Amino acid sequence: MPVVTFTTDHALQKSALRQANDRLVLNLIRQNSGVSRADIVRLTGLAASSITFIVRRLKKEKLISEEKIDKRPGLGRQPTALRLLASARTVIGMEFDPDGAHILMADLEGAPLSRKTIPMQANQELFFRKVNAALCGLVQALAPGQLLGVGVALPGTIDSATGKVIGAENLGWFGVEVGALIRCGVPVPFRFENVARLSALAEQWFAPAETPGLRDFVSVVARGGIGTGVIAGGQLLRGATSAGGEFGHISLYLDGRRCACGNIGCWEQYASDLALSRAYAEQAAGEELSVDAIIARARAKEPAALKAVDAIARHVGLGFVNLVMALNPQAIVVGDYLADVWDLIGETVWTVLRSRAPGYTLSALRIYPSRHKGEAPLMGAIALVLGRFFSSFEQGGEAGPVSSVLMENHA
Ligand SMILES: [Zn+2]
């Protein structure tokens, strides 16, 4: 008979549980600024005595402030308002795109503190040397413990564990070890994810108070291709080998245009910004224009531009039919040029959807331009670090979000 042994480390478990509860309460204060201790007891189900300990610890860490709601003297024990001290910690977000490396430093609420762009240059070694100097200058200037981490938005297919860009057509990067090239020699966590997934995270994390709780939605980015970030059941869809949710490369046609991915007939070949430029050139005897210029001409009702935009709209719609049938989302959030052109293509996209997808898949669906526009991946890089800090154990491991209240016994 096999011998089963259980090894438990109670001290470690208790400390992890304590931290999880601290974060749970901290996140609650973040989401409900001005909340009282009594509210927290009601919302979490934790004992009032536990909340007393947790609030004391959070105040000691200078993460929250507490002030009396009614400041008149002599009123005795009064309810207090708890608020997150947004400046208590700092986060750095980075994004690489054809313009260069964009660095954004932000506080705990994602409010920008400083920005910097290191222009792209042909000499990759020199470029990364400059990026490293700029980033590490910022990192090393912060007091120890102040920086929660660095979130990095990478284009194309990536290895999110190491920050390696496996293939990014728009930058011509193949097998570039970005993660290794931007380390600063300080014990600060670096987290990597691709731009489309981070756009989805930005939408989820920085959701406006009036429309909380998007749990099933798709974020679509369109810059040199089509990328999709999928949140399903509140979680980022990654798949078995981190290649899940790549709807830009679903096969739309059996025989179609060759895609940079090596396949043929991929959706992005018919719906991306590059596809719009190509469609316009086909309509306008080879005239090549920027996407912005084509959109401007379509607004001015130039026939070639209108035809190109219409061709794109029908293909965007076709791709959305696949998104809807696969994922039944509450929302599809469009970014980049799709956000700019949405007022021109939205009606056609919906017509395609209604003609192909059953009504019950569309009844809860909303489609709208991202409020972060082109900055969604950068804000997502910030959200990647903040999400980890507010909803899971800070140190070590792959703990997921704390989804239920954990009980802490102070007795
Ligand atoms: Zn492809």
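Predicted model: local features only at pLDDT ≥ 70, side-chain atom pairs only at ≥ 80, totals over all residues.
Reader: How do strands in a sheet hold on to each other?

Author: Strands of a sheet pair through backbone hydrogen bonds, either parallel or antiparallel. Now take the case here. An open sheet of 5 strands has the order E5-E4-E3-E6-E10, and its pairing is mixed.

Reader: Which strands lie at the edges of this sheet?

Author: Strand E5 (112-119) and strand E10 (190-194) do; each pairs on one side only. On average, neighbouring strands of this sheet are turned by 15° against each other, direction ignored.

Reader: Which way do E3 and E6 run, parallel or antiparallel?

Author: Strand E3 (residues 90-97) and strand E6 (residues 147-154) run parallel, joined by 6 bridges. Find Val 91 in the model. Gly 149 in E6 stands opposite Val 91.

Reader: Which helices pack on the sheet?

Author: Helix H4 (residues 124-141) is one of them. H4 touches E3, strand E4 (100-106), E5, E6 and E10. The direction of H4 makes about 165° with that of E3. Helix H6 (residues 195-205) also packs on the sheet, touching E3, E6 and E10. The direction of H6 makes about 105° with that of E10.

Reader: How many bridges join E4 to E5?

Author: There are 7, and the two strands run antiparallel. Look for Ala 101, with Ile 118 in E5 opposite. E4 and E5 form a hairpin, with 5 residues between them. In the turn, Gly 110 has a positive phi of about 85°.

Reader: What is the strand order in the sheet of 3 strands?

Author: The order is E7-E8-E9, in an open sheet with antiparallel pairing. Its edge strands are strand E7 (157-159) and strand E9 (173-177). Neighbouring strands here are turned by 10° against each other on average, direction ignored. E7 pairs with strand E8 (residues 164-168) over 3 bridges, in the antiparallel sense. Asp 159 stands opposite Lys 164 in E8.

Reader: Now the helices. How do I describe two that pack together?

Author: Two packed helices are described by the angle between their axes and the distance between the axes.

Reader: Which residues make the contact?

Author: From H1, they are Arg 18, Asn 21, Asp 22, Val 25, Leu 26 and Ile 29. From H3, they are Ile 51, Ile 54, Arg 57 and Leu 58. By class, this contact of H1 with H3 has 6 nonpolar, 1 polar and 3 charged residues.

Reader: Last stop, the metal. Which residues coordinate the zinc ion?

Author: His 249 (ND1), Cys 259 (SG), Cys 261 (SG) and Cys 266 (SG) do, at 2.0 to 2.3 Å. In sequence, these donor residues are spaced H-x9-C-x1-C-x4-C.

Reader: Why is the arrangement of the 4 donor atoms tetrahedral?

Author: Check the angles. Four donors count as tetrahedral if all angles lie between 85 and 135 degrees. Around the zinc ion, the 4 donor atoms subtend angles of 105 to 120°, so the arrangement is tetrahedral.

Conventions: Residues numbered from 1 in each chain as written. Heavy atoms only, no water. Pairing = 2+ DSSP bridges. Helix = DSSP H or I, 4+ residues; strand = E, 2+ residues; numbered from the N terminus. Axes fitted to C-alpha atoms, helices over the stretch in contact; angles between N-to-C directions. Contact = heavy atoms within 4.5 Å. Nonpolar A, V, L, I, M, F, W, Y, C, P; charged D, E, K, R; others polar. Donors = N, O, S within 2.8 Å, 3.2 Å for Na, K, Ca; no water. Tetrahedral: all angles 85-135°; square planar, octahedral: opposite > 155°, others 65-115°.
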